[in-house]
Amino acid sequence: MITENSLDLLEFHKLLGIISNFAHSDASKKSVVDIRPLYDRENIERRLSQIHEIRKIAHEGNPLKVSPFPDISHLIVRVKPEGAFLEANELSDFVPVLHIASTISLQIKERFDLPFLRELTNHLTGHPDILQILNKSINSEGNILDTASAMLSELRSQIRRLEVRIIKKLEEIVRDNRLSIFLQDDFITKRSGRWVIPVRMDSKGQVPGVVHDVSRSGETAFIEPLSIINIANELENLIAEQKAEEIRILKNISSKMRGVIDQIDAEFHTIIYLDMLNCIAQFADMLKMETPHINDSNDILLVRALHPLLFLTFQKMGNTQLVIPLDVQLGDDNTVMVITGANAGGKTIAIKTIGLLLIMALSGMPVPADSLSSLPLIHNLLIDIGDEQSIESNLSTFSAHVSHISEILQKADSKTLILIDELGTGTDPDEGAALACAVLKELRKSNALIFATTHLTAIKGFVHQTEGMMNASMEFDQNTLTPLYSLKVGEPGQSYALEIAKRYGLPDNIIASAKGMLGSMKVEFDSLIADLNEKRKQYEHSLHELQGQRSEVESKNKLLEKTLSETENRQKDMLAKAYKDASDILSDTKRQMHALLEKARKKGKEKIRENIKKIELIQENVSEKLMEYDKYTVALTIDEIKEGDTVFVKSLGYDTSVMEVIQKHNRLKVMAGNREIEVSLSDISFKRGKSVEVKTILTQVTQGDETVSSKLNLVGLRVDEALSRLEPYLNHASLAGLSEITIIHGIGKGLLSRAVREHLTGHPLVNHFRSGMPEEGGNGVTVVILI
């Protein structure tokens with residue numbers, strides 16, 4: 001179990017307080033503050049997925065439709081007992097809650113790409129019947145409307161009419177010259193719910209009526225004249241009836257709500273939970289956070305991780321570039337990492353970042369790190385950070401550290417993350433280092449993941465020599481003596497205490513004396529580390545330059561390949577265009593030749609037919625050339641294909657029409673004959689002019705040595721394919737001496753039938769045409785009478 005103290009040490013509660021500022025209700029604000037780590041993968045991943053889907057719709061410009069709403073939990077409790085009822089202003093608090101539930105239900109229920117939000121919100125209805133009654137009966141200020149009931153509307157109308165009568169009578173009294181001399185002023189007002197006029201105290205006997213109040217000065221009496229008392233009494237009775245009707249309305253609404261109050265309660269808690277998720281999603285978008293992977297292998301991998309609170313601090317200052325991302329990996333063979341480096345170099349922030357991001361991930365929250373990051377599903381987080389010396393508990397700094405480490409040793413297991421700051425400090429350095437090494441050795445046996453910081457040199461050497469442990473350091477610029485806040489794994493760091501002391505003004509003789517007291521081995525060890533760090537930086541710089549050169553060469557190769565490919569494609573396109581132009585010329589010539597057939601029907605018919613066949617043969621050769629060049633063109637992409645395009649389907653062996661583009665799965669729906677089939681994008685290429693063979697099982701008429709069908713079936717063909725078959729058919733039918741033919745095109749969307757009839761209009765071989773009779777096929781055929 002992760003304790004509240006551990007969460008406090010990592011400032012998790014402070015982070016939740018910032019996230020709660022995005023809440024739309026006090027109830028959801030409390031829900032955010034109460035977030036705690038979860039201990040099973042399913043719940044963690046479900047919450048991460050729900051937040052991911054909320055961020056998804058927000059990025060689409062359709063954010064989760066949550067608006068401000070009140071906390072109605074206490075009202076739900078109050079309305080549950082039989083006979084209880086809520087006041088109008090209390091009932092009005094239910095309106096925004098039910099409205100949000102209804103709106104979110106409509107927003108999510110048809111979004112099948114949001115499975116986790118659909119599962120979470122599938123019970124939301126907003127109870128439209130209750131919401132309708134509330135909107136009809138109570139306004140947003142919590143007042144009962146006239147439309148709440150017919151009786152209430154009538155009572156209020158009567159009340160308004162009586163009040164008008166009373167005011168009119170009082171105005172007549174005020175304007176009466178005989179009485180106006182006794183009045184203190186000429187206004188009309190109310191006292192104790194009764195209409196009155198102000199009369200001078202010394203003249204109150206001159207105006208017959210009932211005194212309801214006296215001014216603070218004692219000079220004015222507020223009198224209800226006798227002439228309006230009966231009307232005023234009638235008004236009082238109506239007001240009492242109005243109050244009774246209002247109570248009846250409130251009881252009726254409360255009773256209806258009581259019948260579904262458990263469902264309303266469940267929907268209210270779902271809205272609170274959704275608002276909590278939305279708070280996290282908005283915070284995640286603000287920091288560009290990513291969803292981490294949760295693993296069971298007890299490994300930590302953080303890529304470009306940031307401490308969220310540190311980032312926000314620098315964001316306010318406008319210097320977020322000063323926050324250096326953290327890259328760290330621990331697990332498998334190595335389970336202990338000891339981080340060393342200069343004071344104020346970022347060691348403590350590094351281990352706090354690791355701990356805080358782990359807590360965020362276990363709470364089902366995205367983390368400010370790359371999506372490659374992976375964090376373990378742990379059950380315990382043990383921390384020793386900070387100086388917790390206590391006079392009351394008789395604990396020194398060292399005693400407090402030892403007390404915490406004793407507790408850590410007892411509780412550590414393979415599902416534990418341990419963070420220890422300044423290991424071995426607070427006592428004699430030699431004894432502290434020995435104790436620290438023994439503690440690390442024992443903790444290593446528990447298979448817990450351990451991050452510790454220290455300044456003690458002896459610990460660095462022990463870690464370097466011990467299996468399962470590794471050194472790491474916070475980088476430091478030796479020239480400027482400033483920390484770089486970047487973690488380097490695999491090499492120990494230096495404290496640079498003497499160098500920093502010199503920079504901040506300690507005399508040279510003191511620095512020299514301190515170095516002498518350190519001993520030669522310590523100086524040599526620090527020099528060795530410094531030299532190794534310098535060489536590592538040089539190697540990294542050289543490697544970076546080589547990678548840059550390699551990237552430049554690869555870019556140039558890609559540009560060269562692209563240029564060659566474009567040149568080849570342009571050449572092929574030019575040749576293909578030339579062949580297409582030739583094909584168009586042949587098609588036009590053929591059409592003109594066919595137009596002359598009627599005139600030459602009885603003269604030289606065989607010769608003309610032979611010439612036409614020669615032209616058709618040439619056209620086929622051109623088409624074959626076009627197909628040859630088509631196959632060399634660049635493969636089609638899904639974005640290039642639109643509904644209605646013609647493409648070649650390799651598995652079918654002919655061109656066909658695209659009926660639907662399914663971008664999500666890189667597939668198309670195409671026509672195969674007279675039915676739709678689904679094919680993959682890899683089965684598609686540019687159209688090649690090969691059409692499905694059209695089968696005609698029709699009545700045939702024979703003339704001369706050529707047999708021509710009296711019917712042509714064009715069903716399943718595209719417009720351009722159909723017209724290319726229709727034109728030669730008309731010529732062959734005319735040569736065969738047919739006087740009437742039938743074109744079968746089907747009904748469908750009407751595109752093919754319209755194109756066929758436009759082609760027939762004004763054709764030199766066509767006398768006229770009509771739609772088929774019912775027995776002939778109706779609107780699915782066109783009957784053509786040839787000349």
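Helix 17 and helix 18 cross in a right-handed way; a crossing counts as right-handed if the near helix is turned clockwise from the far one by less than a right angle, and as left-handed if anticlockwise. Helix 17 covers residues 429-445 and helix 18 covers residues 457-465. This is a predicted model, where local features need pLDDT of at least 70, side-chain atom pairs count only at pLDDT 80 or more, and totals for chains, interfaces and linings use all residues. Residues are numbered from 1 along each chain as its sequence is written, and side-chain values use heavy atoms, with hydrogens and water left out. Helices (H or I, at least four residues) and strands (E, at least two) are DSSP runs, numbered from the N terminus.

**Helix 17 and helix 18**

- The two helices pack at an angle of about 30 degrees, with axes 9 Å apart. Axes are lines fitted to C-alpha atoms, for helices over the stretch in contact, and angles run from 0 to 180 degrees between N-to-C directions.
- Helix 17 is therefore roughly parallel to helix 18. Angles under 35 degrees count as roughly parallel, over 145 as roughly antiparallel, 65 to 115 as roughly perpendicular and the rest as oblique.
- Helix 17 brings A433, A436, C437, L440 and K441 to the contact, and helix 18 brings A458, I459, F462 and V463. Contact means heavy atoms within 4.5 Å.
- These contact residues comprise eight nonpolar, no polar and one charged. Ala, Val, Leu, Ile, Met, Phe, Trp, Tyr, Cys and Pro count as nonpolar, Asp, Glu, Lys and Arg as charged, and the others, Gly among them, as polar.

**Helix 4 and helix 13**

- The axes of helix 4 and helix 13 are 9 Å apart, at an angle of about 65 degrees. The two helices are therefore roughly perpendicular to each other.
- Their crossing is right-handed.
- On helix 4, the contact uses R47, Q50, I51, I54, R55 and H59. On helix 13, the partners are Y273, L274, M276, L277, N278, I280, A281, A284 and D285.
- This contact has nine nonpolar, three polar and three charged residues.

**The aromatic pair**

- A search of the whole structure turns up one aromatic pair. Rings of Phe, Tyr and Trp (its six-membered ring) pair if their centres lie within 6.5 Å; planes under 30 degrees apart count as stacked, over 60 as edge-to-face and the rest as tilted.
- F69 and F268 have ring centres 6.3 Å apart and planes at 90 degrees, so the pair is edge-to-face.
- F69 sits in the loop between helix 4 (41-59) and helix 5 (73-79), and F268 sits in helix 13 (residues 261-286), so the pair ties together parts that are 199 residues apart in sequence.

- Four strands form an open sheet with antiparallel pairing, in the order 1-2-4-3. Two strands pair if DSSP finds at least two bridges between them.
- Strand 1 (189-191) and strand 3 (209-214) are at the edges with a single partner strand each, so one side of each has no neighbour in the sheet.
- From one strand to the next, the twist averages 55 degrees.
- Three bridges link strand 1 to strand 2 (residues 194-200). R191 is opposite R194 in strand 2.
- Helix 10 (residues 150-175) packs on this sheet and touches strand 1, strand 2 and strand 4 (220-225). The direction of helix 10 makes about 10 degrees with that of strand 2.
- Helix 12 (residues 229-258) also packs on the sheet, touching strand 2, strand 3 and strand 4. The direction of helix 12 makes about 145 degrees with that of strand 2.
- P208 lies in the loop between strand 2 and strand 3. Leaving aside neighbours within four places in sequence, P208 is in contact with P225 and L226.

**Helix 9 and helix 12**

- The axes of helix 9 (residues 128-137) and helix 12 come within 11 Å and cross at roughly 165 degrees. The two helices are therefore roughly antiparallel.
- This crossing is left-handed.
- I130, I133, L134 and S137 of helix 9 meet I253, K256 and M257 of helix 12.

- Strand 22 and strand 23 (residues 740-744) run parallel, joined by three bridges. K711 has T742 in strand 23 as its bridge partner.
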